2 protein chains.
Amino acid sequence: MSSERLIYLPLGGAGEIGMNAYVYGYGAPDEERLILVDLGVAFPDMDGSPGVDLILPDITWLKERADRLEAVFITHAHEDHVGAVAHCYEALGAPIYARAFTANIARRKMEEQGHPEDAVQTASAWPETIKAGPFTVGFLPISHSVPESSGLVIDSPEGRVVHSGDFKLDPTPGVGELFDPDLWAEVAKPGVRALICDSTNVFSTHPGRSESELGPEIQKLVAGATGMVVATTFASNVARLKTLAEAGERAGRSIVLLGRAMRRMIEAAIETGVLADFPKVVSPEEAQDIPRANLMLLVTGSQGERRAASAQLARGKYMGLELAEGDLFLFSSKTIPGNERGVIRIINQLSEKGVDVVDDSSGRYHVSGHANRPDLERMQEIVKPQIVIPMHGEHRHLREHAKLSEKNGLQSVVAVNGMMIDLSGNAPTVAEYIETGRTYLDGSVQIGALDGIVRDRIRMALNGHVIVTVILDEEDEPLGEPWCDLKGLAETGTSNAPLVEVMEEDLHQFLMRAGNKTLRDDDALEEGLKRIARQTCMAEIGKKPEVTVVISRMR
Amino acid sequence: MSSERLIYLPLGGAGEIGMNAYVYGYGAPDEERLILVDLGVAFPDMDGSPGVDLILPDITWLKERADRLEAVFITHAHEDHVGAVAHCYEALGAPIYARAFTANIARRKMEEQGHPEDAVQTASAWPETIKAGPFTVGFLPISHSVPESSGLVIDSPEGRVVHSGDFKLDPTPGVGELFDPDLWAEVAKPGVRALICDSTNVFSTHPGRSESELGPEIQKLVAGATGMVVATTFASNVARLKTLAEAGERAGRSIVLLGRAMRRMIEAAIETGVLADFPKVVSPEEAQDIPRANLMLLVTGSQGERRAASAQLARGKYMGLELAEGDLFLFSSKTIPGNERGVIRIINQLSEKGVDVVDDSSGRYHVSGHANRPDLERMQEIVKPQIVIPMHGEHRHLREHAKLSEKNGLQSVVAVNGMMIDLSGNAPTVAEYIETGRTYLDGSVQIGALDGIVRDRIRMALNGHVIVTVILDEEDEPLGEPWCDLKGLAETGTSNAPLVEVMEEDLHQFLMRAGNKTLRDDDALEEGLKRIARQTCMAEIGKKPEVTVVISRMR
């Protein structure tokens, strides 16, 4: 047996849905040459990451081995797969390969961050391949909810690995390539050591439905509408946008695209030739002169994002357009768990305007982009891998997918972020545990999720913030009385006097009683002042605030 | 026509699900004698109300008219109906009426807040009634997911109003009273002017299912389990707790109740005689000596609450009990929209432990406590009201329920919080708009949702907080350099020097340049320092922080 090995190491996306980043390596232990598949982001929320702009995978491990990184391959243009390429480019430096549509999107991101667009290279589809150190990698077309999604055929001296990318088995996806079982079977013929596979929909027990099923239903809905029609879906779902726009066109409506992401995706799809015949679009300005019964708006914000077009329309006017009683608003999308509140907020605002809202609950206006449980089994039958490694899922998805694979007689392992799996032997083994985590893009800088910065923000949000200022003279005696500023705390508590005054008095008493030893020692003084401020706050308003003490000495 | 009128005024619960509070009044305009139906809470979240303990309806309007308030009636023991009784008792002072089980729960709340328990009076069921000024009110039993839920029959000189309370049409609810259509028809016989009706499930198109359907399914599931079984549901769903416990008992398992709310509800149900034959319960300590295959835990925390028993068990040991591979965890509950993240977090933690999780997605282990669309129509047929006023719903629910009522030939109106409806005339009319909103219980004090306190907390969470301290001497000249403290902000920005130092230098430069006029004027000085701190922060780390400026003058 050679001393070389083939490794798989998820740095993001395994144990969560979002920020995908999967490393493959081949070579002697700790000298493997590496490739990275996908480099995506996840989205922050108020509960865990308030104020954060984007969540990136922690790629420290890879950064420290950047000299061994041959290339980055991006399977498709969703943010959780391509969103971090520009933010991580400086740290990694490796060339980025993607097919035309995805490359177009990636280059826009590079440009925005001031990085060279030509770091992104356009790859052709299988059977063409790219050499990357010991690996040969091919982009194998597969259907998904964005154009030109691809699985990757990754060949190494230890055999062939198939990385599914995000996929569904759609014979009629509308825009983009269909799933071709014969092509995949052909690729699998030489034998596949491991299938690294999308797990998102493992709990959905019915076979997945085709994008093309939606056309007639959406046409019927739009044809029956009397007022303005507004439809929202993921901006990157170009096939859906086309289905929606065509339904509008058939019903004699002019199409308006609202939202930067949507215009950008359509633009990229047209530039790269994946979208040839999109209905004619009119601008929001032109739409002013068209009767509302002859308009159909396609808008961003299917997840209830506050700044997106859908939320703005729900609140009031947007780009001169305004919803009115009798209009129809279609969510041609599902709500991602965690986004319910935002979506429901919009639906209620629309309800207040008298707008009728139709969502995906009937199953008629949305189909998923991911393979369901029976589809995952079909994929296993076609690819016939020795090993299935579930990816792109929370722990519950990975575990269920592993159980499913084992039930079907295949080896499987639940590999979460940071678990380096050795795929060289007869069975997959855990070679090492790597420290991983999340990096936050916060404003213009990257900070670690565990740096304590965001923890401090959460604490201020939960507990409020008291600032205590004390000035001491050359003799270390208090100069005047301590001063308090409160932020995020009730003004009056149980004693019915202003909280700030009660607190200043208590702190003053403390300083009067404090010995020279305490007054001379910044740490002891700070500790004492904090304790008193917290005690007073607890007694007065029942809260233990964050306290910042500022001590100024005149010496 | 008399100059008296009958009014309905929701102060909470109409336009949201939560914090129910509905006022009825009868008398000359602005002299009506009033009753209040329900006084509940809503629960805070990190997005909109970080750090808040409970959300109460803003009852300012009622407080200012407390001398006209005859009584408070509580329909059932759910927190969104009874949760605010003790917190609002001092402001209102009126007697509180509820049936035995609900009264038991209400008294516990009064006791906790140090209020007289005898302010809560136990009411008997219809046909007994309570006189409250011009009103005569009867508690009409109806099935729901908590014992002794009741609709209210509210008679006034302007006729009979039926307030449905929360309900479902369950002929076999297990614990508590069934829905008796004949009784309701009899009550409706003299004619009902208005039905004020639960709207929660108006979008569920199938007829509601009975609690008793679950027994056999849950028994089968528990009988098939090999490890420990843990089940969670709403603590107040006593019927469900009984069904679960009985399934455990049948399978030879000892029952353990974990979580204060659950023990409290069972206790109240036994004390008030609504629960006679609950299986024998063992303590967590006794459970240590019982094999895990012979244990069934009933635990709080079906909504993923971080401190509840379910979350603690998912994270590790709780009361000496710990989950292990092969155990079964059942969510006999649905996830309320907005709580998905917390529930999914628990499911993933359980998955990491190798615990199998079963939720309500199959429909076999949970039924709703609210009337579905066909049930709402059946209720209309039985009660035959002139007017239907939808309550207990977000705007979308109220609007849909009103449309449904009008479709069935009934008058209806969407009345949201603050809309006073005059029910005296031939058709309901809006008499007045009252300012309403939310009050936060924050620690031990009540604050207004719009007081700016919580807004400041949210801003600190999103933007971080900079504290600038400046000392000026007797001549209004800066004494030393300005001092900055940062909280919730990255330590280093684009210039690669510590942000705090860059900021202090920029502020120092500003002070050096500042004229006497600025230095003498606190407001101008503060404004200038804030501006500089924000500019530096923006340039260095791309964020605009909250800034607190503390100016100390030696004069």
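In chain B, L423(B) sits in the loop that joins β23 (419-422) to β24 (429-433). The model is a predicted one. Is L423(B) buried or exposed? Its relative accessibility is 0%, and because buried means under 20% relative accessible area, L423(B) counts as buried. Leaving aside residues up to four places away in sequence, L423(B) touches L6(B), Y8(B), V161(B), R193(B), A194(B), I387(B), I389(B) and P428(B). D289(B) is 134 residues from L423(B) along the chain, and the C-alpha atoms of these two residues are separated by 63 Å.

Another residue of chain B, S351(B), lies in helix α11 (residues 340-352). S351(B) has a relative accessible area of 5%, so it is buried. Which residues does S351(B) touch, not counting residues up to four places away in sequence? They are H395(A), R396(A) and R399(A).

Chain A can now be taken as a whole. Its secondary structure comes to 17 helices and 28 strands. Along the principal axes, the C-alpha atoms of chain A fill a box of roughly 85 × 75 × 45 Å. Of the 555 residues in chain A, 61% are buried. Among the contacts in chain A with a separation of 6 or more, 70% are between residues 24 or more positions apart.

Next come pairs of helices. Two packed helices are described by the angle between their axes and by the distance between the axes. In chain A, helix α5 (residues 181-188) and helix α12 (residues 373-383) pack at an angle of about 50°, and their axes are 8 Å apart. That angle makes α5(A) oblique to α12(A). On the α5(A) side, P181(A), W184(A), A185(A) and A188(A) take part, and they meet R378(A), M379(A), I382(A) and V383(A) in α12(A). By class, the residues of this contact are 7 nonpolar, no polar and 1 charged.

A second pair in chain A is formed by helix α6 (residues 214-223) and helix α7 (residues 238-250), whose axes come within 9 Å and cross at roughly 40°. In α6(A), the residues L214(A), G215(A), I218(A), Q219(A) and V222(A) meet R240(A), T243(A), L244(A), A247(A), G248(A) and R250(A) of α7(A). This contact has 5 nonpolar, 4 polar and 2 charged residues.

Helix α7(A) can also be considered by itself. With 13 residues at 1.5 Å a residue, α7(A) should span 18 Å, and its end C-alpha atoms are 18 Å apart, which agrees. Since 10 of its 13 residues are buried, α7(A) is largely enclosed by the rest of the structure. The buried residues are V238(A), A239(A), R240(A), L241(A), K242(A), T243(A), L244(A), A245(A), A247(A) and G248(A). Just after α7(A), G252(A) takes a positive phi of about 75°.

Just after α14(A) comes G464(A), which takes a positive phi of about 75°.

How values were computed:
Residues are numbered from 1 along each chain as its sequence is written. Chains are lettered from A and ligands numbered from 1 in the order in which they are written. This is a predicted model: local features need pLDDT of at least 70, side-chain atom pairs count only at pLDDT 80 or more; totals for chains, interfaces and linings use all residues. Side-chain values use heavy atoms; hydrogens and water are left out. Axes are lines fitted to C-alpha atoms, for helices over the stretch in contact, and angles run from 0 to 180 degrees between N-to-C directions. Helices (H or I, at least four residues) and strands (E, at least two) are DSSP runs, numbered from the N terminus. Contact means heavy atoms within 4.5 Å. Ala, Val, Leu, Ile, Met, Phe, Trp, Tyr, Cys and Pro count as nonpolar, Asp, Glu, Lys and Arg as charged, and the others, Gly among them, as polar. The expected span of a helix is 1.5 Å times one less than its number of residues. Buried means under 20% relative accessible area, exposed over 50%, partly exposed in between (1.4 Å probe, protein chains only). Angles under 35 degrees count as roughly parallel, over 145 as roughly antiparallel, 65 to 115 as roughly perpendicular and the rest as oblique.
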